[in-house]
Amino acid sequence: MISTYSLLLLLIATSSLAFSAEAALATGYYDSTCPQVEKIVKAGVANAAQSDSRLPASLLRLHFHDCFVQGCDASVLLDDTPTFKGEKTAGPNNNSIRGFEAIDAIKSSLESSCKGVVSCADILALAARDSVVLSGGPSWEVPLGRRDSITASFSGATNRLPSFFSDVNGLIKSFTDVGLTAEDMFTLSGGHSIGQARCLAFVSRIFNDSGSGSPDPSIRPSFLSALQSKCPQTGSLSSLQPLDATTINKFDNQYYLNLVLGKGLLHSDQVLFNTVGVARNFVKAYSADQSKFFSNFAGSMIKMGKLSPLLAPKGIIRSNCRVPR
Ligand code: HEM
Ligand SMILES: *[C@@H]1O[C@H](CO)[C@@H](O)[C@H](O)[C@H]1NC(C)=O
Ligand SMILES: *[C@@H]1O[C@H](CO)[C@@H](O)[C@H](O)[C@H]1NC(C)=O
């Protein structure tokens with residue numbers, strides 16, 4: 001009787017152990033199957049950044065745009081074909097997300113070293129971390145073991161990603177809708193410490209804010225005139241301006257200091273300071289304390305990286321990140 005009972009306990013214990021080992025991401029996931037993975041991704045990011053100083057920003061954003069749409073499953077990397085509609089042309093991505101060639105190059109090095117082992121979704125998560133580190137920001141251990149989708153969601157990419165004309169409540173909702181918090185939003189917005197935005201994304205607020213006929217009054221006058229001359233109403237809406245014009249490619253807390261000074265580029269950036277309440281308190285705290293920003297940023301990136309991952313036996317390991325097989 002006792003032995004049957006202990007056998008049962010043993011069975012329950014082993015099966016739940018197997019279940020939990022399989023159902024969670026883990027650092028060191030590739031230790032035995034691809035021990036060089038972290039080294040290869042890091043070298044690939046550094047190599048690509050050498051010829052394109054914007055690339056770390058673009059790779060950070062790719063991981064974000066991946067995770068917010070059906071989870072961190074590399075759906076953002078899938079190319080459109082005549083019979084497959086991916087996420088690349090959805091409004092928030094169209095003519096905007098980039099870095100695919102760098103991911104392809106990293107994937108092909110990984111395929112040479114450990115064929116069929118490392119997912120494209122894990123490459124995105126590692127590349128985002130390596131990009132932040134390369135830009136002078138914090139580091140963190142990346143839990144791994146995501147697998148790749150065979151589907152993408154154009155409508156998810158259209159509706160789930162936050163919009164640059166949102167106010168604080170709308171921005172918070174985009175984050176809580178996927179299972180993150182308002183604090184994660186205040187913190188991850190600091191990703192705009194690096195990278196560029198098209199004039200398209202802020203031209204209305206520098207000339208005719210919300211149809212008022214005048215610029216957004218919260219923009220510092222010297223910054224406003226600089227932006228107006230760089231993005232004239234008659235000019236190209238695809239020309240670029242840095243999201244943090246003070247320390248362009250450096251990942252630091254200057255983004256938050258800019259907001260305090262009325263030098264946020266996007267409406268969705270500046271509202272974090274303009275809206276009295278918790279958002280403003282975070283902006284002030286981060287503008288005064290870079291190490292607090294860095295440690296919270298690392299924590300929120302790990303959380304974002306865990307949004308609905310595909311775990312074995314679900315999903316696949318793509319051999320080409322652009323193709324769903
Ligand atoms: C909070 C809501 C957010 C909104 C409304 C937003 C919106 C935008 C927009 C409009 C651009 C410029 C795109 C273009 O003109 O082509 C941009 C760029 C960027 N975003 Fe965000 N974003 C948000 C959150 C985030 C988060 C959470 C991250 C990462 C942690 C991030 C990282 C970036 C980076 C690095 C760039 C520059 C990319 C490059 O230069 O290639 N953003 N974002
Ligand atoms: C994406 O941009 C192209 C222009 O490069 C445009 O023709 C197309 O309509 C856009 N797609 C969507 C879905 O907005
Ligand atoms: C500002 O935008 C509004 C609404 O789109 C428009 O009616 C108005 O004519 C614009 N004003 C100027 C000065 O461009």
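A disulfide is taken here as a pair of cysteine sulfur atoms within 2.5 Å. By this rule the model, which is predicted, has four disulfides. With bonded cysteines counted along the protein chain, their pattern is 1-4, 2-3, 5-8, 6-7.

Two conventions apply. This is a predicted model, in which local features need pLDDT of at least 70, side-chain atom pairs count only at pLDDT 80 or more, and totals for chains, interfaces and linings use all residues. Residues are numbered from 1 along each chain as its sequence is written, chains are lettered from A and ligands numbered from 1 in the order in which they are written, and side-chain values use heavy atoms, with hydrogens and water left out.

Consider C120 and C321, whose sulfur atoms lie 2.1 Å apart. The torsion about their S-S bond is about -90°, so this disulfide is left-handed. By contrast, the torsion for C67 and C72 is about 115°, so that disulfide is right-handed. C67 and C72 are both buried, meaning under 20% relative accessible area, with exposed over 50% and partly exposed in between (1.4 Å probe, protein chains only).

Which protein residue is the donor for the iron atom of ligand 1? The only one is H192, through NE2 at 2.1 Å; donors are N, O and S atoms within 2.8 Å of the metal (3.2 Å for Na, K and Ca), and water is not among the atoms, so sites may look incomplete.

Finally, pLDDT is the predictor's confidence in each residue, from 0 to 100. The protein chain has a mean of 94, and 93% of its residues reach 70 or more.
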